Amino acid sequence: MAAVSPSTAAFVFRVVAIAEACSWAGLLIGMFFKYVVVFDEIGVTVFGPIHGALFVAYVVVTLLVARTFRWSAGTTLLALVASIPPLATLWFERRARHRGMLAERAAAA
């Protein structure tokens, strides 16, 4: 398996975490329209598969980034659990960035 540079891994993690959170928001809005406003499934039909794909991408990227940056099992588990509540991937990505868990020096240590 080809190694990914830490800066690329951090960038991809950030992009996927933000995209996963946005897809969550889109799905929630679609569900609101489906069940409250117009009783139409188009929002869920559009955002459901998008969110599903981005959820899987977030899990895979998280596992790869955890290996690249040598995260502890607890940090990795927290990152994976963050994929479940809406918008929590944004919180975790920001937390990881501010604590230096996505920095190149963390990968080299």
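In this predicted model, helix H1 (6-37) and helix H4 (88-98) have axes that come within 8 Å and cross at roughly 155°. Because angles over 145 degrees count as roughly antiparallel, H1 and H4 are therefore described as roughly antiparallel to each other. The crossing in which H1 passes H4 is left-handed. On the H1 side the contact is made by Phe13, Arg14, Ala17, Ile18, Glu20 and Ala21, which meet Thr89, Leu90, Phe92, Glu93 and Arg97 in H4. Sorted by class, the residues of this contact divide into 6 nonpolar, 1 polar and 4 charged.

Thr89, which lies in helix H4, deserves a separate look. With a relative accessible area of 0%, Thr89 is buried, because buried means under 20% relative accessible area. Leaving aside residues up to four places away in sequence, Thr89 touches Ala17, Glu20 and Ala21, and also Tyr58, Ala82 and Ser83.

Tyr58 leads from this contact to another pair of helices. Not counting residues up to four places away in sequence, Tyr58 touches Phe13, Val16, Ala17, Glu20, Ala79, Ala82, Ser83, Thr89 and Phe92. Tyr58 is also one of the residues in H2 that meet H3, together with Val59, Thr62, Leu63 and Ala66, while the residues they meet in H3 are Thr76, Ala79 and Leu80. By class, this contact of H2 with H3 has 6 nonpolar and 2 polar residues, and no charged residues.

Two packed helices are described by the angle between their axes and the distance between the axes. For helix H2 (residues 42-68) and helix H3 (residues 73-81), the axes come within 10 Å and cross at roughly 165°. H2 and H3 are therefore roughly antiparallel to each other, and H2 passes H3 in a right-handed crossing, whereas the crossing of H1 with H4 is left-handed.

In soluble globular proteins, nonpolar side chains tend to be buried together. Here the largest nonpolar core has 18 residues, and those with the most contacts inside it are Phe13, Tyr58, Val65, Phe69, Trp71, Phe92 and Leu102. The elements that give two or more residues to this core are H1, H2 and H4, and the largest share, 5 residues, comes from H1.

Notes: Residues are numbered from 1 along each chain as its sequence is written. This is a predicted model: local features need pLDDT of at least 70, side-chain atom pairs count only at pLDDT 80 or more; totals for chains, interfaces and linings use all residues. Side-chain values use heavy atoms; hydrogens and water are left out. Axes are lines fitted to C-alpha atoms, for helices over the stretch in contact, and angles run from 0 to 180 degrees between N-to-C directions. Helices (H or I, at least four residues) and strands (E, at least two) are DSSP runs, numbered from the N terminus. Angles under 35 degrees count as roughly parallel, over 145 as roughly antiparallel, 65 to 115 as roughly perpendicular and the rest as oblique. A crossing is left-handed if the near helix is turned anticlockwise from the far one by less than a right angle, and right-handed if clockwise. Contact means heavy atoms within 4.5 Å. Ala, Val, Leu, Ile, Met, Phe, Trp, Tyr, Cys and Pro count as nonpolar, Asp, Glu, Lys and Arg as charged, and the others, Gly among them, as polar. A nonpolar core is a set of buried Ala, Val, Leu, Ile, Met, Phe, Trp, Tyr and Cys residues joined through side-chain atoms within 4.5 Å. Buried means under 20% relative accessible area, exposed over 50%, partly exposed in between (1.4 Å probe, protein chains only).
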